[in-house]
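Biologist: I would like to go through this model slowly with you. Could we begin with the terms and then turn to the contacts?

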Amino acid sequence: MQKFFSNRRLVIIVVILVVCFGLMAGSVELRNRRSTPPVVQQFGNDIVGFADSAVAIPVNWLQTSFSSVNDLMNTYSENRELKQQVNELAQTKVRDQALANENKQLKSELKLGKSMTDYKTIAAAVLMRTPSSWQQQLVINKGQSNGIKKNMPVMSDGGLIGRIIEVNKTNSKVELLSDTNEASSRFAISIGSGSDVVNGIITGYNADTNELIMGQISSKAKLKKGAKVVTSGMGGITPKGLYVGKVTRVGKDDYGLAQKVYIKPATNFNDINIVTVAESTAQE
C-alpha cells in the first residue's frame with residue numbers, strides 16, 4: 001500500500017510538470033501568434049509596470065533633487081566668488097579715481113602742466129602683415145587724418161610693441177620691437193623706482209628665446225627676475241610708464257664687460273590684431 005501511494009505521488013508530480021510545461025509552451029505559441037499578450041499576462045505586466053513606476057518616481061525625484069541642490073551650491077559658490085571680484089574691482093576703481101584726483105590737485109598746487117605720464121590714445125586695427133616682414137612691421141588703419149604722427153609709441157594687450165615709422169593719410173606703418181635691424185629706433189626704458197632705478201635702451205631682440213635685450217645700462221644695481229620694465233619717458237616723445245615686459249635674466253655682453261638684461265615682452269608679436277597708439281601730452 002505504501003508503495004502505491006509513493007508511486008501515486010510521483011505520478012501527480014510528473015503530471016503537474018507536464019501541465020506546467022504545456023502551459024508555458026502554449027503561452028509562448030500564443031504570444032507569437034497574437035499581436036497582444038493574453039489578458040492574464042497583460043494584467044501581470046501592468047502590475048509589474050506599476051510597481052516599477054512606484055519605485056522609479058521617488059528614486060528619480062531624489063536624484064533630481066540631489067542634482068538641483070548640487071547645482072545650487074555650485075552656483076552659490078560661483079556667485080560668491082564673482083561678488084568678491086566685483087567688490088575688489090570696485091575698490092580698485094575707487095582707489096584709482098582717488099589717486100587721479102590727488103595727482104590732479106598736487107599738479108595744480110605745484111602749478112604743473114602736463115607730465116611725462118600723461119598721454120592720449122588712438123585705437124586702430126591691423127590692416128596688413130607681409131610674410132617677409134612679419135616680425136618687423138605691420139600696417140594699421142589710422143593715419144594723418146586721425147592725428148597719427150611719426151615716432152608715436154604703439155601698444156597691444158597692455159604692452160609696448162613698437163612705434164610709428166611712416167604716416168600716410170589713412171594708414172600708418174608700425175615698426176615692432178622684434179625688428180632686429182640695427183638702424184631701427186630704440187626705446188629708453190627703466191627698471192625699478194626711486195634710488196634703485198636702472199635706466200637703459202632696448203638694443204636688440206632674440207628671436208630664438210623671444211626676449212628683448214636691454215643695453216647701455218646706467219647702473220650696476222642687482223636686478224631680480226620678474227622685475228617690471230617700463231618706458232622711462234626720456235626724449236619727451238614716448239610717455240613714461242608704458243609697460244614693456246618682465247626681466248627674465250641678466251647677462252654680459254660679448255666682451256664680458258657691460259651688463260645685458262633680457263626681457264620677456266608683454267605682448268605676443270605673432271598675434272596682433274588691435275593696437276593702441278599713444279600720444280604724449282607733456283608738451284601741450
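Modeller: Two strands pair if DSSP finds at least two bridges between them, and strands themselves are DSSP runs of E with at least two residues, numbered from the N terminus. This is a predicted model, in which local features need pLDDT of at least 70 and side-chain atom pairs count only at pLDDT 80 or more, while totals for chains, interfaces and linings use all residues. Residues are numbered from 1 along each chain as its sequence is written, and side-chain values use heavy atoms, with hydrogens and water left out.

Biologist: Over how many bridges do strand β10 and β11 pair?

Modeller: Strand β10 covers residues 243–252, and within this pairing valine 247 stands opposite isoleucine 263 in β11. The two strands pair in the antiparallel sense, and the number of bridges is seven.

Biologist: Which residue in β11 is the bridge partner of leucine 212?

Modeller: Strand β8 (residues 211–215) and strand β11 (residues 259–265) run antiparallel and are joined by three bridges. In β11, the partner of leucine 212 is isoleucine 263.

Biologist: In what order do the six strands of the closed barrel run?

Modeller: The barrel is closed and its pairing is antiparallel. Its strands run in the order β6-β7-β8-β11-β10-β9.

Biologist: Which residue meets arginine 249 in a salt bridge?

Modeller: A salt bridge is a side-chain nitrogen of Lys or Arg within 4 Å of a carboxyl oxygen of Asp or Glu. Arginine 249 meets its partner at 2.9 Å, N to O, and that partner is glutamate 211.

Biologist: Is glutamate 211 buried or exposed?

Modeller: Buried means under 20% relative accessible area, exposed means over 50%, and partly exposed lies in between (1.4 Å probe, protein chains only). Because its relative accessibility is 8%, glutamate 211 counts as buried.

Biologist: What is the geometry of the aromatic pair of tyrosine 205 and phenylalanine 269?

Modeller: Rings of Phe, Tyr and Trp (its six-membered ring) pair if their centres lie within 6.5 Å, and planes under 30 degrees apart count as stacked, over 60 as edge-to-face and the rest as tilted. By this rule the count comes to one aromatic pair. Its centres are 5.9 Å apart and its planes stand at 75°, and the geometry is edge-to-face.

Biologist: How many residues apart in sequence are the parts that this pair ties together?

Modeller: Tyrosine 205 lies in strand β7, whereas phenylalanine 269 lies in the loop between β11 and β12 (274–280). The pair therefore ties together parts whose separation in sequence, in residues, is 64.

Notes. Helices (H or I, at least four residues) and strands (E, at least two) are DSSP runs, numbered from the N terminus.
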